[in-house]
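The sequence and the structure come before the text.

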Amino acid sequence: MQFYLNGYKPGDPFVADPHPGLAERSTGLPDTADVVIVGCGPAGLVLAAQLAEFPELRTVIVDRRDGPLEVGQADGVACRTVEMFEAFGLAEKLIHEGYQVNEVTFWRPDPADHASIVRTGRINDVEDDLSEMPHMIVNQARMLTYLRDHMSRSAARAEPYYGLHAADVQVDPDPGAEHPVTVTLEHLENFEPTGETSTVRARYVVGCDGARSGTRQAIGRSLEGDATNQSWGVLDVLAVTDFPDIRLKSAVTSEHGSILIIPREGGYLVRLYIELDNERDAEMLRDRSVTPEKLAEVANRILHPYSIDVKHVGWWAVYSVGQRLCARFDDVPDDEADTRLPRVFIAGDACHTHSAKAGQGMNVSMADAWNLGWKLGTVLRGISRPEVLRTYSAERQEVARELIDFDREFAALFSARPDDEQDTDPTRFQRYFRDQGRFTAGVAVRYESSILTAKPTHQQLAEGLPVGMRFHSAPVIRLADAKPMQLGHVARADGAWRLYAFADPAHPGARESRLRQLADFLASEDSPMARFTPPGADPDSVIDVRAVLQQGHRDVTVDELPPVLLPRKGPFELVDYEKTFCPDPATDIFDLRGVNREHGALVVVRPDQYVAHVLPLDAHQELVEFLHQSLVEVRATAPRRERADAPLRAGEQPAPTVTRGRAV
């Protein structure tokens, strides 16, 4: 991570200077806001963390709880989610604290004694080169703590408001209203109304308020789908057991039911997802008399001949499986989708619900929020066109629909009894689990073509970086300091687009180099950087250019690079040396990601790390035309000065200083 751009200062460099506008804001609940987020679960706090990267915006986050979540709920963190947390600078903490899922075991009835279970399979949890990040297990409450800490260290110094329930959300139909959405907030103590209410008028509202979402109801949306008659108990326990795979993720199906064992962080804690039988366990389900002790009895019934002795219960719950989905994730009626822009959105459980066994709920919810967050932030900042907000519902509703379909089959196969007709092959679930590994890891999402995602016309130039899918990182060597690193880790959650220019074989200093010609274009007045970067902003605040050379890092020197790869930034016009990379000799990125060596490739990546386009290095005009669909043209009104202390030219007005696009 880079810091000290604006001058050296002592102290923690990862705590940003507060935005100057904070001094003018009251500490209480404001009357108006740019965005109101309802709910402080995973979706709400990822959205808040992303918007905290736009500190000039006023974001209000409210939750009906009295304070932060402390224990329980989701725990599985997919590889893709860890990649996302890396963009916030939080992956290292998550990996250090969490349990890493390496292998999965499968248990079925013993063919010689169906009353007992035996291990029938053992596979890697994640296939090779699926992601540089592991599949982790961390308590949801800890994930939320990481996000709140990130918000508090940001220039926005963002913090949630607790004890507030969004009782009503109304949208003013006047398209000219500056703050068209009015949120009525009911004040609570211990979830009970105090009789006091407040209102906040906002430009946008996002309901991240769960399966019983009041925001969803306010915009006339509903969850559609099926409720099953399956019930599951969840136990987080410290226990003593003779089951040999207690520290491995294990899927167990016996004649007496199914149980999913998820080892937890810390080396001792374990989570048990326990299927409750509608016949054997009917009485306690009907009477709502489930207790942790009764759940432990069911677990012992399923695990026979093994046993588990629960010593301490950290958290427990009972839930019923239901696969439900909203038709749209915003407030725009279907017949007005092409003429009206959304003002209210829903994310996470507010728009899709499913079983917990595949570990997708928290992950998909956070991905919803990141997809929406950068779009809201850049639209409000004036960088993106408001039309990009239409893509949120279109992109994420399709992902949720695929999730519901997957979850329905996953749940059925997991719970299939040995005598079921569909369970004639005892390894069927194991094969399905392995085959669906990309989906459960969160890396199978592929967005359809839109103003943000082009058609894969030139995909052959980078076959391993499919258009519409997340940018798959790979090892590289940074040229300036010979640091081995992951290329994908240069991307921060800062709302910037990234151009990864994979060079042709020519030396980057040679006149015939296509990379050099691209760099010359990007430095010209016709480039997207000149068209879409606001006056006074750093040159990489909207479009961040990175190059990957074919030469080794000892075969090129920094002074041979074109100026666009050595941009000057900040009040002192300091040189950013971290824009150029070379292949790692052990795992050449050109081979690993199928990049054409003869021609090179320009890979355009969205702020949420999804590949938006693959282009030839010389497709200069095509690049501009593509970005023009989503970005606002804001040509600089005054030329950039050579030095921070250079005198103003005749008639020139001093522009506001902006770092990474933020007014300071």
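## Domains

The chain is divided into domain 1 (31–72 + 138–226 + 323–425), domain 2 (99–133 + 229–319) and domain 3 (459–629), with bounds that come from an automatic or database domain assignment. The model is predicted, so local features need pLDDT of at least 70 and side-chain atom pairs count only at pLDDT 80 or more, while totals for chains, interfaces and linings use all residues. Residues are numbered from 1 along each chain as its sequence is written, and side-chain values use heavy atoms, with hydrogens and water left out.

UniProt, in an unreviewed entry, lists residues 445–632 as "domain: Phenol hydroxylase-like C-terminal dimerisation"; positions follow the numbering used here, feature names are shortened, and annotations may be inferred rather than shown by experiment. This span is 14% helix and 20% strand, and its end C-alpha atoms lie 27 Å apart. Helices (H or I, at least four residues) and strands (E, at least two) are DSSP runs, numbered from the N terminus.

## Interface of domain 1 and domain 3

The centres of domain 1 and domain 3, taken over C-alpha atoms, are separated by 33 Å. Domain 1 brings 11 residues to the contact and domain 3 brings 13 residues, where contact means heavy atoms within 4.5 Å. About 1,000 Å² is buried between domain 1 and domain 3, and carbon and sulfur atoms give 56% of this area. Buried area is the accessible area (1.4 Å probe) that two parts lose on being put together, summed over both. On the side of domain 1, Trp370, Trp374 and Arg385 lose the most area to domain 3, together 53% of what that side buries.

One salt bridge is found across this interface, by the rule of a side-chain nitrogen of Lys or Arg within 4 Å of a carboxyl oxygen of Asp or Glu. Helix α8 (residues 361–381) gives the most to the side of domain 1 that touches domain 3, with five residues.

## Backbone features

His304 and Pro305 are joined by a cis peptide bond, with omega about 15°. Pro305 lies in the loop between α7 (292–303) and β16 (308–325).

Asp129, a residue other than glycine, has a positive phi near 60°. The loop between β6 (113–124) and β7 (135–137) holds Asp129.
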